[in-house]
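Dear colleague,

Please find below the structure that I am handing over to you. My notes on what was found in it follow directly after.

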Amino acid sequence: MGCAQSQFQDMPVTGARDRLVVLPGGERFVSDQLIALKLKEKMFSWSGDDFKVKDSNGQDWFRIDGNAMSMTSKAKLLDIDGQELCNYRKKMLSLHQTAYISAPEKSDGHTMVLATIKRRGMMALDASAEIFIHSPPVNIEQVTTDGMVPEIIVEGDMIGKNFDFMIGVRTNPVKIGQVTRKFNMLSERNTYWVSIGPNVDIAFLMIAAYAIDELFNDK
């Protein structure tokens, strides 16, 4: 179990002041109110990482198609109509565990990276993550975060599923999202909740939470 805590854990999820959209077409997943979505914990997904993402009313929002046993550590995020929204890929053989969120692949086979997510720290007490947004997207063969400042800082108990997505940490911290183990007393076992604030690309933050789970639970 993790034991780190976010210094921002008592702050409410208020969302972004300016609209934060990362995925192509992500505008349609921006809400003016707080949205909570349920994800299945990676360590209990050995039948495969294919599952639906639902809200607290049981309404379907997304589907994740992947393979938990695959050495390539890839997954796709789809909307409820089966349209591909983005891809997740873990960088293999990396000193600092890294994941890429990319746009749906083009017909020429090129993979364009929308965001890079990097794990900081190897121990539970000092673990956190940084999310770098590439605008415009960058070909995965040339992608780098050298000289970039992370747009989003992720801090808290990654293993215990209690962490925060923060922007403006150095100047004016704002919590745009939060992951918690339990949303209410009726929550299913082996699931966790992603609460996403107003003016935030819900699809992107949801796949970012999935990527964090992958980075901090893969051995």
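Asp65 is partly exposed, its relative accessible area being 23%. Please keep in mind throughout that the model is predicted. The partner of Asp65 in a salt bridge is Arg63, and their closest N and O atoms are 2.9 Å apart. Arg63 is partly exposed as well, with a relative accessible area of 30%.

A second pair, Asp164 and Lys175, forms a salt bridge in which the closest N and O atoms are separated by 3.2 Å. This pair links distant parts of the chain: Asp164 belongs to strand 10 (residues 162–167) and Lys175 to strand 11 (residues 174–180), 11 residues apart. Are these two partners buried or exposed? Asp164 has a relative accessible area of 1%, and Lys175 has 0%. Since buried means under 20%, Asp164 counts as buried, and so does Lys175.

Elsewhere, salt bridges with shared partners connect Lys52, Lys54 and Asp60 into one network. Lys52 is partly exposed at 48% relative accessible area, and Asp60 is partly exposed at 25%. The count of salt bridges comes to 9.

**Overall organisation**

The protein chain contains 1 helix and 12 strands. Read from the N terminus, the order of elements is β-β-β-β-β-β-β-β-β-β-β-β-α. Of its 219 residues, 54% count as buried. Among contacts with a separation of 6 or more, 49% are between residues 24 or more positions apart. The accessible surface of the protein chain is about 11,100 Å², and carbon and sulfur atoms account for 50% of that area.

The largest nonpolar core comprises 52 residues. Those with the most contacts inside this core are Phe62, Ile64, Leu77, Ile101, Ile152, Phe165 and Ile176. Which element gives the most to this core? That element is helix 1 (residues 202–217), with 13 residues.

Leaving aside neighbours within four places in sequence, Leu77 is in contact with Leu23, Phe62, Arg63, Ile64, Gln83, Glu84, Leu85, Cys86, Ala203, Met206 and Ile207. Arg63, named among these contacts, is also the salt-bridge partner of Asp65.

Helix 1 itself is largely enclosed by the rest of the structure, because 16 of its 16 residues are buried. At 1.5 Å a residue, the 16 residues of helix 1 should span 22 Å, and the distance between its end C-alpha atoms, 23 Å, agrees with this. At the start of helix 1, a side-chain oxygen of Asp201 comes to within 3.3 Å of the backbone nitrogen of Ala203.

**Backbone geometry**

Most residues other than glycine have a negative phi, and most peptide bonds are trans.

- Pro136 is placed in strand 8 (residues 128–139).
- Lys161 is located in the loop between strand 9 (152–157) and strand 10, and is buried with a relative accessible area of 1%.
- The loop between strand 12 (191–196) and helix 1 holds Asn199, which counts as partly exposed at 25% relative accessibility.

**His134 and its surroundings**

Strand 8 also contains His134, which is buried with a relative accessible area of 6%. Which residues does His134 touch, not counting those up to four places away in sequence? They are Val113, Leu114, Ala115, Thr116, Val143, Thr144, Thr145 and Met148. With Thr116, His134 makes a side-chain to side-chain polar contact of 2.8 Å. Thr144 is 10 residues from His134 in sequence, and their C-alpha atoms are 9.4 Å apart in space.

Yours sincerely

Technical notes. Residues numbered from 1 in each chain as written. Predicted model: local features only at pLDDT ≥ 70, side-chain atom pairs only at ≥ 80, totals over all residues. Heavy atoms only, no water. Core = buried A, V, L, I, M, F, W, Y, C linked by side-chain atoms within 4.5 Å. Buried < 20%, exposed > 50% of the residue type's maximum accessible area, 1.4 Å probe, protein only. Helix = DSSP H or I, 4+ residues; strand = E, 2+ residues; numbered from the N terminus. Contact = heavy atoms within 4.5 Å. Salt bridge = Lys/Arg side-chain N within 4 Å of Asp/Glu carboxyl O. Expected span 1.5 Å × (residues − 1). Polar contact = N/O pair within 3.5 Å; in protein donor to acceptor, adjacent residues only side chain to side chain. Areas by Shrake-Rupley, 256 points an atom, 1.4 Å probe, with all protein chains shown as cover.
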